[in-house]
Protein chains: 2
Amino acid sequence: MSERLSEETRGPLLDPLLKNGWQMVEGRDAIAKTFTFETFVDAFGWMTRVAIWAEKWNHHPEWRNVYNRVEVVLTTHDVGGLSALDAKLARKLDGLV
Amino acid sequence: MSERLSEETRGPLLDPLLKNGWQMVEGRDAIAKTFTFETFVDAFGWMTRVAIWAEKWNHHPEWRNVYNRVEVVLTTHDVGGLSALDAKLARKLDGLV
């Protein structure tokens, strides 16, 4: 899983995410999305579910939480950019909402 | 609790925090500290304990987590700056480490 996405794999893995609210981060090979919930409890409850999957897959988000909002950035530090693990984790984050 | 700190209350409440790793945030009436743990599980476990207190006191941190590191900013949006609640939450954050 931990290879930087090639030109061929990039489109099929990223296009569905970019159509679902994810955006490329300026100046980095990374994707970002802001998740907004009704309350802090909803936001942090979602973060807790994400945290368990992130640890299980040993792939962790960069994320910032302010009350009901969570800004997430995904990239694979080991390969200096996006890998298939980022796409997998992004799909999981969307699915856990 | 939710009044902006006066000149008189500011020192007694903030000085002990500033001696314990908290810093004033440039350009905002807010305090910040970076907490570093051994692992992601340690960092997120601490965040979970903090989250429960934050919700109980209805006072929530701005925070960013990257693996074993958590950057926290405390301020009271309702009063446009630091209140006694920020000092109380800061002491709790330190105590929960």
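1. Start with the charged pairs. Over all chains, the structure holds 14 salt bridges. Keep in mind that this is a predicted model.

2. Look at Arg28(A) and Glu62(A). Their side chains meet in a salt bridge, with an N to O distance of 2.8 Å. Arg28(A) sits in the loop between strand 1 (23-24) and strand 2 (31-36) of chain A, while Glu62(A) belongs to strand 3 (residues 62-66) of chain A, so the pair ties together parts that are 34 residues apart in sequence. Arg28(A) has 36% relative accessibility and counts as partly exposed. Glu62(A) has 7% and counts as buried.

3. Next, find Lys33(A). This residue forms a salt bridge with Asp94(A), and the closest N and O atoms are 2.7 Å apart. Lys33(A) is in strand 2 of chain A and Asp94(A) is in helix 3 (residues 84-96) of chain A, so the bridge ties together parts that are 61 residues apart in sequence. Lys33(A) counts as buried, at 14% relative accessibility. Asp94(A) is buried too, with a relative accessible area of 18%. Both values fall under the 20% cut-off for burial.

4. Chain B has its own pair. Asp94(B) and Lys33(B) form a salt bridge, their closest N and O atoms being 2.7 Å apart. Asp94(B) lies in helix 3 (residues 84-96) of chain B and Lys33(B) in strand 2 (residues 31-36) of chain B, so parts 61 residues apart in sequence are tied together. Both residues are buried.

5. Now the nonpolar side. The largest nonpolar core has 51 residues, and Trp46(A), Trp63(A), Trp46(B) and Trp63(B) touch the most other members. Take Trp46(B). Leaving out residues up to four places away in sequence, this tryptophan touches Phe35(B), Phe37(B), Trp63(B), Val70(B), Val72(B), Leu93(B), Leu96(B) and Val97(B). In soluble globular proteins, nonpolar side chains tend to be buried together.

6. Finally, the two chains. Chain B superposes on chain A by a rotation of 180° with 0.0 Å of shift along its axis (RMSD 0.0 Å). That is the relation of a two-fold axis. Within chain B, Arg64(B) comes closest to the rotation axis, at 2.0 Å (C-alpha). Of the interface residues of chain B, 100% are also interface residues in chain A, so the copies meet through the same surface.

Key. Residues numbered from 1 in each chain as written. Chains lettered and ligands numbered in written order. Predicted model: local features only at pLDDT ≥ 70, side-chain atom pairs only at ≥ 80, totals over all residues. Heavy atoms only, no water. Core = buried A, V, L, I, M, F, W, Y, C linked by side-chain atoms within 4.5 Å. Buried < 20%, exposed > 50% of the residue type's maximum accessible area, 1.4 Å probe, protein only. Contact = heavy atoms within 4.5 Å. Salt bridge = Lys/Arg side-chain N within 4 Å of Asp/Glu carboxyl O. Helix = DSSP H or I, 4+ residues; strand = E, 2+ residues; numbered from the N terminus. Least-squares fit on C-alpha atoms with pLDDT ≥ 70 in both.
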